[in-house]
Structure formats: structure tokens, C-alpha cells
Amino acid sequence: MNVNLNASHPKRAVTNGKSRGHLIFLLFGRKSKVLVLCLLIISTTMLLLAQMKRTPHTSSGDAPSVESSRFQYNHQQGSMLGNDSTISGLFGAEANSTQYNKSTDLNSSTKQSSSLTLAQRSEIFVSVCMQHENRYWMTLCSENFVDAVAQPLAGGKDVNVIQIGAHVGFEKNDLIANALSSLLDSIVNVTQNNNLRRHFHWTFVEPSPTNYQQLQVNLQKHSDICDMNSVNAAILPDDLVDNPGEMVFYSIRDTVHPETGFDSLSGKQLPFWVTQISSLDRATLTKHMGPFKRLGLDMEDYIVETNVSSTSYSDLMQQVLVHTDKEETPLLVLVDTEGLDCSIIQGISPSSRFLPKYLIYEHLHCQRDALRGAVQHLINMNYLVHPLKENTIAIKNELDKT
């Protein structure tokens with residue numbers, strides 16, 4: 001998801017149904033963005049009205065802690081603009097700490113929570129879907145993602161987003177990081193409740209030790225957005241893991257800055273994305289020798305082998321999901337493993353407790369059979385599948401549930 005190599009994969013007609021947003025794009029093209037957004041707003045408003053008639057909204061209780069590296073949202077209750085003078089209070093003397101406080105009573109953060117009105121939900125939708133125009137976010141907007149985040153947060157429930165293969169987080173080519181941040185800002189502005197952020201749990205998973213160090217720095221910088229969790233491990237398919245342990249991982253040496261691509265060894269500027277191609281498959285890296293050759297560099301001098309911890313998809317979810325009720329399903333899972341993406345998708349059991357409502361995975365490096373297998377597996381599990389350039393978006397179709 002984080003790599004733009006100016007390479008594309010042939011788009012395939014692999015969905016078992018087109019979404020409203022996808023059909024609109026096909027009918028009107030990219031140039032009619034204003035018309036597209038107007039139609040999306042009308043469509044979503046009608047959907048919200050229908051949902052309000054049939055869906056009760058309730059508040060729930062406290063969220064348990066997670067034993068992992070956590071960057072906890074820590075602003076004072078009622079602090080709307082992140083005023084540093086108001087940070088103390090909610091967490092007492094430890095207000096500026098990034099360590100998750102297990103003893104914090106979260107009941108106070110849910111006392112002001114309530115269901116959103118239709119006007120509030122529409123205001124949030126318009127504010128975030130008009131600002132960010134990349135096709136991934138627009139597709140999510142057309143599939144009710146904004147409301148799927150806003151409504152539970154307003155009701156005091158937990159929302160989980162898991163980003164597998166996060167690199168260093170918040171890169172300029174990240175598919176939806178900025179849009180997600182804007183969405184949380186909009187929800188807070190509309191509800192006048194800054195504490196809703198603490199119920200949004202965003203987990204970043206990265207196996208590369210060098211990238212993970214920079215990820216920690218970046219999460220610290222953005223720790224006021226929400227509750228952030230980081231895991232330093234490679235993720236493997238459920239059906240391939242018997243005894244998860246250490247794996248050999250291939251990455252670019254640490255003389256290359258993970259965000260800018262500047263190589264301090266040669267003094268030359270590589271593409272900013274060059275450290276994003278780290279993988280368990282060495283061939284994934286060697287496919288991208290071009291930038292090194294053009295600078296007179298030997299890529300083999302830059303490939304580093306490292307033993308990294310590994311775990312399965314389901315074990316990861318078991319570890320990081322935070323929930324206030326029996327619901328353990330992540331709302332959104334993003335997968336960018338530079339080669340294992342389709343295998344991870346195929347390894348998720350149809351009976352898994354961890355089937356996300358929304359799924360984005362990179363299909364660029366998938367072999368043809370794995371690509372087709374992943375899509376068919378998702379269709380069999382009642383997902384609507386949208387291939388978009390290097391990545392695929394899948395949305396769980398739950399219309400058959402009553």
C-alpha cells in the first residue's frame with residue numbers, strides 16, 4: 001500500500017457486485033468529482049435514514065488494556081484544540097506520558113457520548129469526503145465507512161484499525177492516514193467530545209527493526225490523534241503457521257533514511273519509497289534494482305538480512321484488538337507485506353472471529369494464482385471486491401443479516 005513504483009497490475013472484473021460509488025465512477029469518470037460527491041451524499045443520507053429506523057444505538061463500558069507498545073491519546077476531557085495547558089487532569093501528573101494507563105477509569109469519557117443525529121452524521125461525511133479525493137478513500141466513503149467509524153465512537157464503543165506492514169507510518173504516499181486523522185478531527189468537532197479519540201485504536205505492525213524505530217518516533221509525534229499501538233513482527237498466513245518464531249527478513253540498510261531515501265553512505269538521493277520494499281521474499285527487493293543502477297550503486301550492497309519475530313494473522317488480532325463488548329471484529333485491516341498479502345487473505349478462515357468489515361490489501365506483488373485465489377476467497381466470504389491500481393478494497397456485505 002505504501003509503494004508507488006509506477007507499475008500497475010491489470011484490473012480484473014472480479015467483483016460479485018458493484019458498489020454505488022464504484023458505479024458512479026464508471027458512469028461519470030474522474031472529472032465530474034463534484035457531481036460524484038453530490039450523488040454520494042444523497043445516497044449516504046438515504047442510507048443513514050434507513051439505518052436510523054432499524055438500528056438502536058447504545059453506549060457500552062470500559063475498554064481493557066493491551067499488553068503492547070502503546071501511544072495513548074492523553075488530552076484532557078473537553079480539550080478541543082489540543083491546548084497544551086489543558087493536557088494535565090485526565091491522566092494527572094503522567095499526562096504527557098505515551099504509556100497506556102491501565103488504571104484510568106474510562107467511564108468519564110463515555111458519560112457525554114450519545115448517538116449522532118442525521119445532521120451530525122451528514123456534516124461529518126461531507127467534511128471528510130470532500131477534502132480527500134484519492135480513489136481509496138472515495139471508495140470507503142461510498143461504502144458507509146465514515147458512519148461506521150463515527151456512530152460507534154459517539155456511542156462509547158471501540159473502533160479498531162490494524163495496519164500490517166506500516167513501514168514508518170504517516171508517509172506522504174500512505175493511502176488513508178491523513179483522511180483517517182481528518183475523520184477523527186471532524187467527529188470531535190461535531191460532537192464537542194475530544195475523549196472519543198481514546199476509543200479509536202490504531203495498530204501499526206512493522207517487522208523491519210530500522211523502520212520500526214522510525215515508526216516509534218512518528219507515532220510519538222502523532223500521539224494526540226488517538227490510541228496508537230505498535231507491534232514489531234512479521235505477519236504470516238494462518239494456514240501456514242504452526243509454530244511462529246523468527247524469520248529471515250530482507251530490508252534496505254540503515255544508511256538509507258526510511259522517509260527521505262537519502263543514502264548517507266554514498267551521499268546520493270534514492271527514491272523516498274525505497275525502504276518500503278522490505279519483505280520476507282528477497283526477490284521482491286531485487287526486482288527494484290533500477291534506482292540503484294541509475295545512481296551507479298549496487299543494490300546487493302544495500303540488502304540486509306535480519307531475523308525478525310513473526311506471528312499469524314489471528315494471533316496478532318488476538319493480541320491487539322481492544323473492545324468494550326463481545327465484538328472482536330476489526331473495522332478496517334490494511335495489509336502491505338510486499339508479497340504475502342494474497343496468501344494472508346486466503347489464510348483467513350470464513351469462520352474467523354477477525355473478519356474485518358473493510359479490508360485493503362496490496363495485490364501488486366501477488367502471483368496470478370494467489371491473486372485470483374484471494375479474490376475468490378473474499379467473494380465466497382460475501383465480500384464486495386474493488387481492484388484499484390496496486391491495491392484491492394473489499395467490503396463485507398452484511399445485507400443478508402437480519
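The model is a predicted one. Its largest nonpolar core holds 46 residues, and a second, separate core holds 32 residues. The cysteines form two disulfides, and a search of the whole structure finds three salt bridges.

**Nonpolar cores**

- Within the largest nonpolar core, the residues that touch the most other members are Trp-137, Phe-145, Val-146, Leu-180, Leu-183, Phe-200 and Trp-202. Helix H7, which spans residues 177-191, supplies seven residues to this core, and that is the largest share.
- In general terms, nonpolar side chains of soluble globular proteins tend to be buried together.
- Phe-200, once its neighbours within four places in sequence are set aside, is in contact with Val-149, Leu-153, Val-159, Val-161, Leu-180, Leu-184, Cys-226 and Asp-227.

**Disulfides**

- Cys-129 and Cys-141 are joined by a disulfide with an S to S distance of 2.0 Å. Because the torsion about their S-S bond is about -95 degrees, this disulfide is left-handed.
- This pair links distant parts of the chain, with Cys-129 in helix H4 (residues 118-129) and Cys-141 in helix H5 (residues 135-142), twelve residues apart. Cys-129 and Cys-141 are both buried.
- Cys-342 and Cys-366 form a disulfide in which the sulfur atoms lie 2.1 Å apart. The link between Cys-342 and Cys-366 is right-handed, with 100 degrees about the S-S bond.
- Here too distant parts of the chain are linked, since Cys-342 belongs to helix H12 (residues 341-346), while Cys-366 sits in the loop between strand E11 (358-362) and helix H13 (368-380), 24 residues apart. Cys-342 is buried, as is Cys-366.
- When the bonded cysteines of the chain are numbered in sequence order, the pairing reads 1-2, 3-4.

**An open sheet of three strands**

- The three strands of this open sheet are arranged in the order E5-E9-E6, and their pairing is mixed. Strand E5 (234-236) and strand E6 (246-252) are the edge strands, each of them pairing on one side only.
- From one strand to the next, the twist averages 50 degrees.
- Strands E6 and E9 (residues 303-312) run antiparallel and are joined by seven bridges; Met-247 has Val-308, in E9, as its bridge partner.
- Helix H11 (residues 313-320) packs on the sheet, where it touches E5 and E9, and the direction of H11 makes about 70 degrees with that of E9.

- Side chains of opposite charge can pair when their charged atoms come close.
- Arg-121 forms a salt bridge with Asp-147, and the closest N and O atoms of the pair are 2.8 Å apart. The two residues are 26 residues apart and link distant parts of the chain, Arg-121 in helix H4 and Asp-147 in helix H6 (residues 145-154). Both Arg-121 and Asp-147 are buried.
- Asp-185 forms a salt bridge with Arg-197, with the closest N and O atoms 2.7 Å apart. This pair also links distant parts of the chain, Asp-185 being in helix H7 and Arg-197 in the loop between H7 and strand E3 (200-205), twelve residues apart.
- Asp-185 counts as partly exposed because its relative accessibility is 34%, whereas Arg-197, with a relative accessible area of 8%, is buried.
- Arg-282 forms a salt bridge with Glu-300, the closest N and O atoms lying 2.6 Å apart. Distant parts of the chain are again linked, with Arg-282 in helix H9 (residues 282-286) and Glu-300 in the loop between helix H10 (290-294) and E9, 18 residues apart.
- Arg-282, at 29% relative accessibility, counts as partly exposed, and Glu-300, at 34%, likewise counts as partly exposed.

Methods
Residues numbered from 1 in each chain as written. Predicted model: local features only at pLDDT ≥ 70, side-chain atom pairs only at ≥ 80, totals over all residues. Heavy atoms only, no water. Core = buried A, V, L, I, M, F, W, Y, C linked by side-chain atoms within 4.5 Å. Buried < 20%, exposed > 50% of the residue type's maximum accessible area, 1.4 Å probe, protein only. Helix = DSSP H or I, 4+ residues; strand = E, 2+ residues; numbered from the N terminus. Contact = heavy atoms within 4.5 Å. Disulfide = S-S within 2.5 Å. Pairing = 2+ DSSP bridges. Axes fitted to C-alpha atoms, helices over the stretch in contact; angles between N-to-C directions. Salt bridge = Lys/Arg side-chain N within 4 Å of Asp/Glu carboxyl O.
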